[in-house]
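Please read this note alongside the sequence and the structure. It takes a helix pair and then the ligand site.

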Amino acid sequence: VSDNSVCVVGAGYVGLVTATALAENGRDVRILERDPRRVEQVRAGRAPVREEGLDAALARVVGDGRLHATGDAARAMHGAGIAVIAVGTPQSRNGGADLTQVRAALRSVAAHAQPDTLLVLKSTVPPGTTRTLAPLASRDERSLPLLACPEFLREGSALRDVRNPARLVVGGDDAEHCARVAALFATPHTPVIVTDPTSAEMVKYGANALLALKISFVNELAHLCDLLGGDIDTVADGVGADPRIGRAFLDAGLGFGGSCFPKDVRALEDIAGSVDHSFWLLRAAIEVNVQQRRRVVAKLRRALGGNLLGRRIAVLGLAFKPGTDDVRQAPALDVVEHLQGLGASVAATDPQALDNAGPLLDGVDLHTDPYRCCENADAILLVTEWPQFRSLDWMRVAGVVAGRIVVDARNCLDPGALVAAGFRYEGVGRGAPSRAGPWAAELNGQSVQRAAQPA
Ligand SMILES: NC(=O)c1ccc[n+]([C@@H]2O[C@H](COP(=O)([O-])OP(=O)(O)OC[C@H]3O[C@@H](n4cnc5c(N)ncnc54)[C@H](O)[C@@H]3O)[C@@H](O)[C@H]2O)c1
């Protein structure tokens, strides 16, 4: 066996992107995938998930014969020095992480591993899992090394993130094993943190939980801005200018969604509970996140005079964030359900996520064209901040709607342009009575220019 030969289990966002990047680096990669349709797609050089640049990169490495997909574990593991497990860890009914896929994947690779094959968990698993699952990493009663190497890629820039990771965290019990995993994934510039498996797992949850807290925190501040006056964008700029805090993840909006944050935050809360620790901060972050979606719907309802019955709402954006077709735990799904529950009829559009969202949305009018989506709408609700929506021609939109109300749940539109087109504009914590005039933006622009000039 050789570390040049790698088996990656799972052809999803993480597995496929990881496998492609490894093949680009000259490794001989086999993807083990249980879904025969996905196997066929990968063999044809087509990515079953949408990620910028992935289709082209995948087609190249498949064409060069450096990446193969199979449903057969023995073939996938033949000669592999390292097996990387990147299967899903969805939320189970009790809120914890469902490890069914991980256990199955581990069993199938272990059954065909050589004695010095490393098994690496890239899936996000609760702290302690690598140690708990160690007994599954064995063949013929010989234990195989099992390491944790959590993934931090962001959907939408997954390939870039994996080609050039901001950091690599490897959790294992043996220096040489950790070094082999680091050599597989790190570039010469990647900061590498080597630790025990439980700490490595905790890093992943700690990072996602802290980002979720930041999001809920700024949404609380935004609500206060709505109540007391104040402009959250400027507040976030001012707070985030402190290098100890940072501006990232301080954008008020609809809260966090997607395939990772909600389930990871819940899973950490669940694992904390299992050792009798109440992680109050996390509970608060989750609660605020749930509320935030309701607040936005309430705002829309108020703007429509307190009643959504029979009103037509155009929802712009279904993906949980721009740049992806992923709708897992997308705020849009929740929001649409709320709207329908209050008697509204809903039309929706998204540049990429219509195929994935369609089967999950009942009775929603789906459109590829945002202008068609807005036809006869009593109000427009912007849910995902796609560039396509930022650059809409609002004069044209004004000509097709029934009512000129826009609730911008991502604070991504220019209120001035909307008002000029005759719309009533509502953001999140934006545009309160005390909002400073355009002169402030001008002065802020000047100070930014001054700061950008070399001393
Ligand atoms: N998506 C992200 O942005 C992201 C980022 C960081 C970490 N993660 C974590 O990485 C893991 C994978 O996430 P994802 O979004 O790629 O999941 P995914 O659901 O998109 O992909 C998982 C793939 O694994 C396949 N699979 C499941 N069990 C299998 C088995 N036993 N044998 C072979 N194939 C199997 C599934 O068919 C699917 O194609 C999760 O733990 C997730 O939390 C995801």
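1. Axes here are lines fitted to C-alpha atoms, for helices over the stretch in contact, and angles run from 0 to 180 degrees between N-to-C directions. Helices (H or I, at least four residues) and strands (E, at least two) are DSSP runs, numbered from the N terminus. The model is predicted: local features need pLDDT of at least 70, side-chain atom pairs count only at pLDDT 80 or more, and totals for chains, interfaces and linings use all residues. Residues are numbered from 1 along each chain as its sequence is written, and side-chain values use heavy atoms, with hydrogens and water left out.

2. The axes of helix α11 (residues 261-274) and helix α12 (residues 280-303) are 10 Å apart, and the two pack at an angle of about 145°. Val265, Arg266, Leu268 and Glu269 of α11 make the contact with Leu282, Arg283 and Ile286 of α12 (heavy atoms within 4.5 Å).

3. Around the ligand there are 27 residues, of which Glu33, Arg38, Thr89, Glu155 and Lys263 come nearest (a residue is near if one of its heavy atoms lies within 4 Å).

4. Polar contacts are pairs of N or O atoms within 3.5 Å; within protein, one must be able to donate a hydrogen and the other to accept it, and residues adjacent in sequence count only if both atoms are side-chain atoms. A side-chain N or O atom of Thr89 is 2.6 Å from a ligand oxygen atom. For Lys263, a side-chain N or O atom is likewise 2.6 Å from an oxygen atom of the ligand. Thr124 uses a backbone N or O atom, 2.9 Å from a ligand oxygen.

5. Among the elements, α5 gives the most to the shell around the ligand, with three residues.
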